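Please open the model in your viewer and keep the selection panel to hand. The tour below moves from one selection to the next and says what is found at each stop.

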Amino acid sequence: MPWFVRPAARSWTCPPAPSGVRDFHAALPGYAPTPLTELPDLAAQLGVGRVFVKDESSRLGLPAFKALGASWAVHRVLAERAAQAPGAGPVTLVSATDGNHGRAVARMARLLDQRAQIIVPRGVHPDAVAAIAAEGAEVIRVRGPYDEAVRRAAEAAAAADAVLVQDTAWPGYERIPGWIVQGYSTLCREIDEQLAAAGAPSPGLVAVPVGVGSLAQAVVTHYRSRPSGPAPALLSVEPEAAACVLESLTRGAPVSVTTGETTMAGLNCGTPSSIAWPRLAAGLDAAVAVTDAESARAAAELAALGVSSGPCGAAALAGSRAALTGEGAEERRTALGLGPAALVVLLSTEGTSANPHATAVPAARTPR
Ligand SMILES: Cc1ncc(COP(=O)(O)O)c(C=O)c1O
């Protein structure tokens, strides 16, 4: 099993996300915290005390968590533009997407009377592409993988009255992706409040689906900046077909990987975000890669327990199962500092309608 672990990450600390993001989201029409659902059946299966699933299948009217980042970043972009060029006309918000982020940018453009141009790589489900177009965005499809779509979006955003709102960073383009990461902090703040309301202790493990690592950056920033309390182990989960963060952690430097085909479209990214990388390198305890069959099986299990989870969302369960059970599990659990009473939080980052790949391929992991 592709696996990386570095327990020293739990004692690393960093400054927190800025305050004010949660208040911004709370004032948006339709805002409500997404459910944090306890699933005792999964706790028994994984051999831990309690399991909670953060269910992002309906977030600000969209079926994935991405609107948290897009809304805050678009707000900051438009506020800055209004200050610099009062009375300027609408802007074109340009972005590459493997589905969810582009739809969120398109939704924000529509709500705020701006335009959107969304570049879509190969491998995104036709329903996800149609949903972006239905937000009124101009959709441009490219034949290449996600990294190529990002390059095309950066070129398109050089046009007059266009701004790139991309959820990954590279040297020279880091400010707007930084706002997107700040936007994701609301999700972690909600989990803190929901666990406290449930009388539950703080987590021992948080499992995060990872594409370029921006969400994981927000999660690391949140849990490594808390002033007190035990630090949880943080686990990144990627598809085997696109495990750029696992590969980078293993090599000790950020690298791009050639991506293949995967149903986990939102995670099908070949290059870690430049601003995420230092945080992930220092603050992630472990990384694992899973197959499409494992994510499909996890999605089917979550569905049976009443949680709508698409292939990317269910990767959190698939990765946790790979880490906590099976051959070598004792060693991995020790490295993660997880006892039998530990509390696990799975970030289910999308519902089934975000990425409606069939979930009926329940094949078990074959030993390699
Ligand atoms: C549903 C879903 N989960 C997780 C991710 C991963 O986020 P990131 O690319 O910030 O690692 C994405 C990214 O598109 C996504 O759409």
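Two residues are taken to be in contact if their C-beta atoms, placed from the backbone, lie within 7 Å. This is a predicted model, in which local features need pLDDT of at least 70 and side-chain atom pairs count only at pLDDT 80 or more, while totals for chains, interfaces and linings use all residues. Residues are numbered from 1 along each chain as its sequence is written.

Begin by selecting residues 244-251, which form helix 9; helices (H or I, at least four residues) and strands (E, at least two) are DSSP runs, numbered from the N terminus. Six of the eight residues of this helix are buried, so helix 9 is largely enclosed by the rest of the structure. A residue counts as buried if 20 or more other C-beta atoms lie within 10 Å of its own, with C-beta atoms placed from the backbone. The buried residues are C244, V245, L246, E247, S248 and L249, and they pack against strand 1 (3-5), strand 9 (233-239), helix 10 (276-283) and strand 10 (286-290). Step on to G252, which follows helix 9 and has a positive phi, near 80°.

Next, colour the two domains, whose bounds come from an automatic or database domain assignment: domain 1 (3-65 + 177-354) and domain 2 (67-172). Their C-alpha centres lie 24 Å apart, and the contact takes 34 residues from domain 1 and 28 residues from domain 2. On the side of domain 1 that touches domain 2, helix 1 (21-26) and helix 7 (175-197) each supply at least two residues, and the largest share, nine residues, comes from helix 7.

Now select the ligand and the 22 residues that surround it, of which the closest are G211, S214, G266, T349 and E350; a residue is near a molecule if its C-beta atom, placed from the backbone, lies within 6 Å of it. The elements that give two or more residues to this shell are helix 4 (100-111), helix 8 (214-223) and helix 12 (311-324), and helix 8 gives the most, with three residues. Each of domain 1 and domain 2 contributes at least three residues to the shell.

Finally, select residues 29-332, where UniProt, in an unreviewed entry, places the feature "domain: Tryptophan synthase beta chain-like PALP"; UniProt positions are given in the numbering used here, feature names are shortened, and annotations may be inferred rather than shown by experiment. Over this range the chain is 45% helix and 14% strand, and the end C-alpha atoms are 43 Å apart.

Key. A residue is buried if 20 or more other C-beta atoms lie within 10 Å of its own, exposed if 12 or fewer, and partly exposed in between; C-beta atoms are placed from the backbone.
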